[in-house]
Each structure stands twice: as structure tokens, then as C-alpha cells.
Amino acid sequence: MTVLPPAWRVGRVTPLGELHTPPRMTAALLRLAVQIVLVASLWHGLYAAAGTTAGLDRDQAVSYAVLAVLASRLREIDQYAARDTVIQHMHFGTIVYWYLRPMPPQRYYALRALGEQLYGLAWSLAGYLVCLAAGVVQPPASAAVAGVFALSMLFGQWVLYYVMLVIDQLCFWTLRNGAALLILIFAQNLLSGVYAPLWFFPDWFITLSSFLPFQATLSVPLSLYVGRIPLSDAAFQLSVQAGWIVVLALFTRFLWRRAARRVISQGG
Amino acid sequence: MTGSIEVRGLSRTFHTTVRRPGFAGALRSLVNPERVAKHAVSDVTFDVAQGELLALLGPNGAGKSTTIKMLTGILTPTSGTARVAGVVPYEERERNARNIGAVFGQRTQLWWDLPVRESFAILRDIYEVPKAEHAARLKEFDELLELSSFWDTRVRHLSLGQRVRCDLAAALLHDPPVVFLDEPTIGMDVVVKEQVREFLRHQVAERGRTVLLTTHDMTEVERLAERVVLINHGRLVLDGALDEIRRRFGSTWQLRATLADPHTEVAGLPGVVVVRREGRQVVFGPEGPGAEALSVHQALKLVIERYELAGIAIDEADLEDVMRAAYAQAEAAL
Ligand SMILES: Nc1ncnc2c1ncn2[C@@H]1O[C@H](COP(=O)(O)OP(=O)(O)OP(=O)(O)O)[C@@H](O)[C@H]1O
Ligand SMILES: [Mg+2]
């Protein structure tokens, strides 16, 4: 039996920081509420004007959009204000401390991200229950859909973790290249389907997107939830997600090694 | 061996691209980058014994921080070796991390958004320190550094002096035998500085920690270190006891004489030079480096015999002057 080392509590960093900053929590709550109201009324309006589009009825589209807002809350924490982003650690030179502790930086990063996600999950779940009760979001069609969605969401967040990690890891090389990072973040939001479900985009775009990991983060689980991807396709989609997890896990491990080499050759 | 530091022929060269000035220069740098080698540390050798506090001194850019980074395992040397508490730091970084504590004065390891005590708790978890031990150590540090008045404050709201004190405590919470401090007293007022010195003395004398410290504050060196290592342009200039350095470098004394007649012509005497003159006030100092210089008594005799004086006072030069002379001489030797 392995006992969890006490270091798992590194995961508390982000939630603690948030709890110690109540104004930030109020702001997050307000933003979430406003976004949900706006998104829901936007899609209601669109459907009133157009009827069924892209193989999706109004309630499905609204559920998708609201869930996308809720899910984006999972990792949307103001680490910049907490001075705890990799780019800030590179900038202030405090990244050296990540390499001065008896815990590999990759484990520290992963534990911290896990804590952040669990904290975000609490928010998302609460928001989901409220939306469900208010009838803004449709419940899943069946228990099987719910289960597959949960698994796919877990995989999706896992992929998202790696995508965000790659973006952070780039900071080890491109300290002054914020533009590239912004493009990547925009691509993540667009191609994961946060802005609008991917089926509304032209075919070439959907094809392009299918070769990238972004849609595995959100588009796939949400499509499973609203029924745009049938359960019969779920196994395939889940295996694609799992494939991305493996590929990105190997890639980020490689990048961690390169990043460490860069730190020890430049002295942080 | 438990807490000793061994440095043998340690060298570090950085390769950087030269940025040429101007727009055309920037374009040329882009197409044809010019690489230069910067020898930040060259062939440095010294030892620090268990329970010793050594000050690593040198002017800006001398290579002090680079040396410390190699000893903490953040940076790999280009050549040479180092052992810290028996571990080669850059080869076994994690094992080394358990043996050392480090503070880089301008950089904090504390979590910006959390109360200091939460940062301490996170470090306790990372280093796997038992709770009771952690609490006892915090209490000890609080007695010496008066942390409790602000340790429930978030780091972002601490003053610089408070923050660095917390960083010092944070670096020592896991009871490391070896401690590296890179300008730990930067930006502290005199009272806090004295408090920190007391803390460090306690850590060395009572806890037997080995401390390697860099600073630009000579008072600190005087109060804390018995031995110093001086480096300049990456090279070791000298390694010795403070007294020895005073002896070797320079104006270890000054004579402040008041002339009886303000119009007297004043010139140097054999072995004695005029450092400066303002009206009736003349300051004499020794000629040449300390080892060959006249003693202050011989000089006093010469000056009194030669000039008519209204008064005279003897000053032993402070460490700041000694270091200035040492740096200047090291510069001349290159
Ligand atoms: N990562 C790096 N890349 C290139 N040059 C570097 C790097 N780090 C340090 N140097 C150079 O190495 C030399 C020594 O730097 P170092 O920081 O060790 O000096 P220092 O003695 O700590 O100075 P200070 O008293 O100003 O802190 C400097 O000339 C510096 O410019
Ligand atoms: Mg320095």
C-alpha cells in the first residue's frame, strides 16, 4: 500500500489563494452568471430567427453553450494576479525555487493544477446544478450518456491540462513572445468549441480541427452530452481522447526535460 | 563532511549572442548572430568547514551568484567539481535540495497570494517535516526574527524587510545543514539587519549550520564572518581570515593631523603619503600594500618629528576601505 506523501497538499495552493481573496470569488461568480445569461439568450434568439441548424435543436444548442461556459470555469483562475504563472516565475527569476526543492517541478506543477481543477470543478458543479434546476440546461438523455459524458469530460480536462502545460512550457524559451501564446490560447478557445459548437464552422475547418487536440478538450464531451455525437460513436471518441493524452504526456515529458536543461544551463 | 562544502576548479562559461546596436545591427544579429563566451566563474577553489560562516565577496558581476547557483544545483558547471554535504549538487539535485536552504535576496520563494504561514505549511509538506518539529522550529524562528506580527499577512502586503525575513525562515524550516544566502539583507533597515545577523549567528553557533553568504555590506562581513573568499571577474583573488586581509590590503591606518600653521607645505615622508588635505587638516596613509607598509607607530613618529602639529588622531581604516583597496589591486593584477 502506498501512503500519499504529505506533498499532495501542494494542491491547496490555488484554492487557498482564492479563498483568501473574496473579491476575486465575487467577481468570478458575477462573470459566470452574466456569461450564462448572455449565452443562453443569444442562442435562444438565434434559434427564434433560424429554426433547427447544424442538426441541433434549440435546447441542445443552449445546453451546449451553457455547459461550455461552465466547463471553461474549470481552469479559468487568475494565476496571473497570484504571480504564480510560469512566465512570471521566469520573469522574476523565482523559477529557480522550483528546482531547489526535493520535488520535481513537473510534480509540483501537476499537483497544483489538480488542486486548481478540483476547485474549479466545485464551481462548475454548483453552476450546473443551478442551471439544471432553472431549466437552462437539459439533463442528460440517459444514465449511459451521463456516464460516458463524465468519462469524456475527465479525458477532455486531462488533454486540456497538457495543452495548458505546453503553453506554460513554451515560456521557458519564449519569455518575450506573448503573441504566440495568445494565438495558442485563442486557438484553444475557438477549436475546443467554447465560442460556438464546431458544427457551425465550414467543413474544411472541422477537418483541420480533427487533426488537432483542441476539440478533444471540450467539444467531444459536450457533444456527447447533448447527443450530437451518438453513444455508438462514444468508444471511438474516447479512444481518440485517450490517444491525445498519451501523445501529449510523452511530448510534455520531453519538454520538461528540455526545460530543466535550459534552466540548468542558464541559471534560471 | 556532514555539512561541508568543497569547491575544486569550478568554472562556468556562458555563451550569449551579442546584440549589435541600431536597426541595421539588429538585422545583422538576426541573420548572423555573433556568439561570445563569458567566463562568469573561472577555476575557483575553496572549502567551507561544517559550522563555518564564509562570506563570498566581490564587486558586481564578479560571479558570486553564479557560484551559488552551481552549489545549489540550479546550474551545471562547465568544468570543475563541487560537493555540498557530500553530494554533487548538479548531479543529484533533489538529494542536494534536502541538505540545503537557499535565499536569493531579490527573489522570494513564498506564495504571493497566501499568508506567510500557509507558505510555511506548504514547504513543510514538500520537505515532509513532521508537524511538531515544524511548529517548534517556527517558534524558534519567531523568537529571533519576530515573524508572528506579520505571518498572517499575505506576502503581497509585506514590506521588503519582512518578506526577506520570512524567506530566511522558509529556507531553514527543513533544518538544512548547509545554507546559501545571496544578499539576504538587501533593503533592510539597520535594526532588522542586526536582528538577521543575530539569527544567522545563532544558526551557525547553536545549530552548527554551514553558511555561505554574499553581501555588499561590509559591516555585515565584519560582524559575521571570520573568513572571506574574494572573487573578481570570476577568479579567486584571495581566501583568508578577515585579519589577514586587513594586513594584506592596504591602508590599515590613517593619521588625521591638524597643522599648527595652515600655510605649512606638506609632502609625503618615506613610507607615508598624503591622502588628502583640507586647510589645516591633513590625512596621512601608508605607502604601498599592507605587508610592507610602515606600522602606525613608526608613521606617527615620523609625522610628529617633521611637522608642527596642533593635534593628531589615529584611525584604523574600516573594512570598506580595505575591500576597496583589495578590489583595486585585484583589478590591477588582471
Ligand atoms: N545566464 C547568463 N547568461 C549570460 N551571462 C550571465 C548569465 N548569468 C550571469 N552572467 C554573467 O556572469 C557574470 C557574473 O554574474 P553573477 O550574477 O554571478 O555576478 P554577482 O557576483 O552575483 O554580481 P552582483 O553582486 O551584481 O549580484 C556577469 O558578468 C553576468 O553578466
Ligand atoms: Mg549576485
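Student: In this predicted model, which residue forms a salt bridge with A:R9?

Tutor: Side chains of opposite charge can pair when their charged atoms come close. A salt bridge needs a side-chain nitrogen of Lys or Arg within 4 Å of a carboxyl oxygen of Asp or Glu. The closest N and O atoms of the pair that A:R9 forms are 3.3 Å apart, and the partner of A:R9 is B:D125.

Student: Where in chain B does B:D125 lie?

Tutor: The pair B:D125 and A:R9 crosses between chains. On the chain A end, A:R9 belongs to the segment before α1 (13-19). On the chain B end, B:D125 lies in helix α4.

Student: How many salt bridges does the rule find across the interface of chain B and chain A?

Tutor: Over all chains, the structure holds 24 salt bridges. Across the interface of chain B and chain A, the number is three.

Student: Which element supplies the largest share of the side of chain B that touches chain A?

Tutor: Several elements of chain B each supply at least two residues of that side: β1 (5-18), α2 (64-72), α3 (93-99), β5 (100-104) and α4 (116-127). The largest share is eight residues, and the element that gives them is α4(B).

Student: How many charged residues does the side of chain B that touches chain A have?

Tutor: The contact takes 36 residues from chain B and 34 residues from chain A. By class, the chain B side has 17 nonpolar and five polar residues. Its count of charged residues is 14.

Student: What area do chain B and chain A bury between them?

Tutor: The size of an interface is often given as the accessible area lost when the parts come together. Here 58% of that area is on carbon and sulfur atoms. The area buried between chain B and chain A is about 3100 Å².

Student: Why is the site of ligand 1 shared between chains?

Tutor: Around ligand 1 there are 14 residues, and those that come nearest are B:G61, B:K64, B:S65, B:T66 and B:H216. The site is shared because the residues that surround ligand 1 come from chains A and B.

Student: How much of the accessible area of ligand 1 does the protein cover?

Tutor: On its own, ligand 1 has 640 Å² of accessible area.

Student: Which element gives the largest share of the shell around ligand 1?

Tutor: The elements that give two or more residues to this shell are β1, β2 (34-48) and α2 of chain B. The largest share is three residues, and it comes from α2(B).

Definitions and conventions. Residues numbered from 1 in each chain as written. Chains lettered and ligands numbered in written order. Predicted model: local features only at pLDDT ≥ 70, side-chain atom pairs only at ≥ 80, totals over all residues. Heavy atoms only, no water. Contact = heavy atoms within 4.5 Å. Buried area = accessible area lost by both parts, 1.4 Å probe. Helix = DSSP H or I, 4+ residues; strand = E, 2+ residues; numbered from the N terminus. Nonpolar A, V, L, I, M, F, W, Y, C, P; charged D, E, K, R; others polar. Near = heavy atom within 4 Å. Areas by Shrake-Rupley, 256 points an atom, 1.4 Å probe, with all protein chains shown as cover.
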